[in-house]
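The points can be taken one at a time, with the model open beside you.

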Amino acid sequence: MGLLFSFFTVIALIVIVFIGVKAANFYYLFGVIIPYAAFLTFIIGVVYRVIQWGRIPVPFRIPTTAGQEKTLPWLKDNKIDNPSTSLGVIIRMAFEVLLFRSLFRNTRTELREGPKLSYGSTKWLWLGGLAFHWTFLIILTRHLRLFFEPVPMFVKLLESLDGFFQVAAPVLYLTDLIFLGAVTFLFLRRVIIPQVRYISLAADFFPLFLIFAIGFSGVLMRYFLKTDVVGIKQITMGLITFKPVVPQGIGIIFYIHLFLVSTLFAYCPMSKLMHMAGVFLSPTRNMANNNRAVRHVNPWNYPVKVHTYGEYEEEFREFMKDAGIPVEKE
Amino acid sequence: MATPKPATPQPEELARVDYKPPKTGWMDTPVELKKGIFCWGNKEKSLKAVDFPNVRSWSVADEDWKLPENWKEIFIEGLRERVSKYRSFRLFLDICVRCGACADKCHFFIGGGDPKNMPVLRAELLRSIYRKYCTTSGKIMGKIAGARELTIDVLKELWYYAYQCTECRRCSLFCPYGIDTAEITILARELLNLLGLNIEWIAGPVANCWRTGNHMGLLPHAIKDSFELFQTDIEALTGIKVEFPLNRKGAEILYVIPSGEYFDPAGQYNLMGAMMLLHEIGLDYTFSTFSSEGGNFGFFTSNEMAKRLHNKIYEEAKRLKVKWIIGGECGHMWRVWHQYHNTWFGPVDFLQEPVSPITGTKFENAKSNKIVHISEFTADLIKHGKLNLDPKRTDNYVVTFHDSCNVSRGMGMLEEPRYIIKNVCNNFYEMPPNTIREQTFCCGSGSGLNASENMETRLRGGLPRANAVKYVREKFGVNRLACICQIDRAVLQPLMNYWVPGVIVSGVTELVANALVMKGGKEWTTDLRGDPLPGMEGE
């Protein structure tokens, strides 16, 4: 149900653009107002969510330790997977965020006759995830060329690296291919692996369809359908300089792409896509494992009712005396 | 209890696991409470002893779980309170992308195949409630946003699966965001306890621990009797009468153990081993009848209960005027001591930074909470050559080591026990890499699930661990499974008997004692358990 719902939602989004732009000529709405609103929602939403999380206390220091802790000086501790210092934590987080360290550990369990269990290393999800996120970032960065005049050096450099193979005209970006491939992979595994399909919600399919549609409309626009690049840059420069203009004659495909991107931006703060900010706050990853050496303070730590030694001795004093166990009060 | 024990299937039958999820979606598949899977509900007196809410006895099999009228409000209110007090909880409810990397990392899913035991789905059971009552999208969009109404059947489902997670954190190791199912289970159980929905196997020990200082409910004189018995046994073996200081003021060190060691057959030898070791090095220490338990079943109930039970450790250390504390071999006790204790009770300024009186080693890593693990302490002794060890005495043992979940993933003490074992045993073989160290598999009975009525759950959950032992048994002839956790010692033995017969489970300190050459003693003919030493088999 989640799958079909998400699929038709994305179709509906595209239809909305057709009606809004082609039939009703709401160019200003789709070219200016919605993008502004979406971007604002994104910024405010993400900041709000992060502040909301940040204001919640971290009562206990609970890192998941993934290697030897720092103890005796002659034992080698694992400074990254079980960090005892802030530097270690920073490196651990960098590995986690940039290279998906934990996912790299992934294994696939198999139960055969015997019974015989085996755990094979499986890197597909890691590779697919990494390919998806990194190409997404590169493509996003390439889009900066639309918001700067002149185009910054690093964007040009990125473009020339990305188009290294000089295939076709316009030059084929490798990341475009990998990106669409990775999204397709992430979708297929969600449908094909029975367990993953079983846990999947609409909230899992929707972003995949949406992102695929964004990528696909982008590819269509760049490689197959004629679009007015100069006009597009006028729009984007207008948006970034707060002097919005809507030149005529830009193809509908651009408005579809822009609307889907706007939807993604606006959807982000209220969805699982917030994992991109949340991962930085994860207490099992971003804390040093130095609990016994440095005290962690819980802001809401409160006194609790306890059973004191006095009460204990009061109840068992005779037994203790008979057994020759020392007591406080004879 | 009069209820008959559910029959346990044969290993071959139990190992046929069907991983195929049902045709109906998980929200539309009502929970079926299966005998052999769940533990009995708590008794009235156990909740009463610690002033817990909704005091009454109840039975899982009954339709009516005797909940308070406003149970739903209590649960939702409790949930709202906790998502604003624990960043971990809130974040873990918010950011899961359901990638499924955790699915086949859980021993209960591997051994049982119930899709709701995939960590992600076990968490979704509660996440769906959170979405419904705490998020805007869930309130408006309902099921399409993954939200669902909290009904009595949903509550029963939450209960059923909250007590099918051992809080071992293996899934959290593989999660790209570090989502820790233990956090979710801990707080789910806290919420259930607001309604008096505990299990007796946890509630009973908690009540005992509150009154007597230990889960077993052993009174001070009974503890002394146990020690006397061990003293006699040790003297018969070694010819040496070791002392067992109890509640002695002015000792340098307080030694706290899990109370299973007074009682459990496999645990006893570990305690005897510690008595011998500490005698041999002449340590100035004391046991305590009040602080007679380092384990903490309160931790499987609520964080408040955990704190209430663990107050006795420092209170007793203060009263006896010791300088610092050594903790015995226990898994969750070390999770609590390492990650919670210092926060609850610190700053611990009434004790001194731990320094080994034998080697002079400063335990810098424990300078704040002043508690050192017996394996850290022993490894240091061996490194400094302070123990006279004869590993030939243990040549009949072919040893492998099981890392306890809490000690490996909630602390990271992986090398010390291995260093010790390699110094006291000549034959040591590791299990496959994906089943040890930080990737270790749970015994299947942790977090208070070591009852007998849920034996099927335990055997299923223990399959991955047992299977790895089977591998090294077939390959290297392993006959001894060493561990540093009392729940392990108590539950791995029946697990081995079922899946891998012929493997004996023992603590690491027991192994040390078996290799320990004590000053002035007589020649040993057997080990601590009375099994003949190598070369003595015919005599």
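**A loop to begin with**

1. Although Asp51(B) is not a glycine, its phi is positive, at about 55°. Please keep in mind throughout that this is a predicted model.

2. The loop between α2 and α3 of chain B also holds Asn54(B). Asn54(B) is not a glycine either, yet has a positive phi of about 50°. Is Asn54(B) buried or exposed? Asn54(B) counts as buried because 20 other C-beta atoms lie within 10 Å. Asp51(B) counts as exposed, because it has 10 C-beta neighbours inside 10 Å.

3. In chain A, Glu149(A) and Pro150(A) are joined by a cis peptide bond, with omega at about -5°. Pro150(A) belongs to the loop between α5 (124-142) and α6 (153-162) of chain A. In chain B, the cis peptide bond is between Gly346(B) and Pro347(B), and omega is about -10°. You will find Pro347(B) in the loop between α15 (331-345) and β4 of chain B.

4. Now step back to the domains. Chain A is assigned domain 1 (2-299) and domain 2 (300-330). The centres of these two domains of chain A, taken over C-alpha atoms, are separated by 58 Å. For chain B, the assignment gives domain 1 (11-17 + 27-198) and domain 2 (207-515). Here the C-alpha centres of domain 1 of chain B and domain 2 of chain B are 30 Å apart.

5. How many residues of domain 1 of chain B are in contact with domain 2 of chain B? There are 29 residues on the side of domain 1, and they are in contact with 32 residues of domain 2 of chain B. Elements giving two or more residues to the domain 1 side include α2 (44-49) and α10 (181-193) of chain B. The most comes from α5(B), which gives five residues. Sorted by class, this side of domain 1 of chain B has 14 nonpolar, nine polar and six charged residues.

6. The two chains touch as well. Chain B brings 93 residues to the contact and chain A brings 82 residues. On the side of chain B that touches chain A, helix α14 (residues 303-319) of chain B gives the most, with seven residues. That side of chain B is made up of 40 nonpolar, 24 polar and 29 charged residues.

7. The largest nonpolar core has 229 residues, and Val206(B), Ile325(B), Ile421(B), Val469(B) and Met496(B) touch the most other members. Helix α9 (residues 202-224) of chain A gives the most to this core, with 10 residues. Leaving aside residues up to four places away in sequence, Val206(B) touches several residues, among them Val50(B), Phe297(B) and Leu309(B).

8. Phe230(B) counts as buried because it has 22 C-beta neighbours inside 10 Å. Beyond residues up to four places away in sequence, Phe230(B) touches Gln268(B), Leu271(B), Met272(B) and Met275(B).

9. Chain B has an open sheet of four strands, paired in parallel in the order β2-β1-β3-β4. β2 (285-286) and β4 (371-373) of chain B are at the edges; each has a single partner strand, so one side of each lacks a neighbour in the sheet. Three bridges link strand β3 (residues 324-327) of chain B with β4(B) in the parallel sense. Gly327(B) has His373(B) in β4(B) as its bridge partner.

10. Another open sheet in chain B has three strands in the order β5-β6-β7, again with parallel pairing. Which strands stand at the edges? They are β5 (399-402) and β7 (504-507) of chain B, each with a single partner strand. From one strand to the next, the twist averages 30°. β5(B) pairs with strand β6 (residues 480-483) of chain B over four bridges, and Val399(B) has Arg480(B) in β6(B) as its bridge partner. Lastly, helix α22 (residues 508-515) of chain B lies across β6 and β7 of chain B, at about 85° to β7(B).

Terms used:
Residues numbered from 1 in each chain as written. Chains lettered and ligands numbered in written order. Predicted model: local features only at pLDDT ≥ 70, side-chain atom pairs only at ≥ 80, totals over all residues. Contact = placed C-beta atoms within 7 Å. Nonpolar A, V, L, I, M, F, W, Y, C, P; charged D, E, K, R; others polar. Domains from an automatic or database assignment. Core = buried A, V, L, I, M, F, W, Y, C linked by C-beta atoms within 7 Å. Buried ≥ 20, exposed ≤ 12 C-beta atoms within 10 Å, placed from the backbone. Pairing = 2+ DSSP bridges. Axes fitted to C-alpha atoms, helices over the stretch in contact; angles between N-to-C directions.
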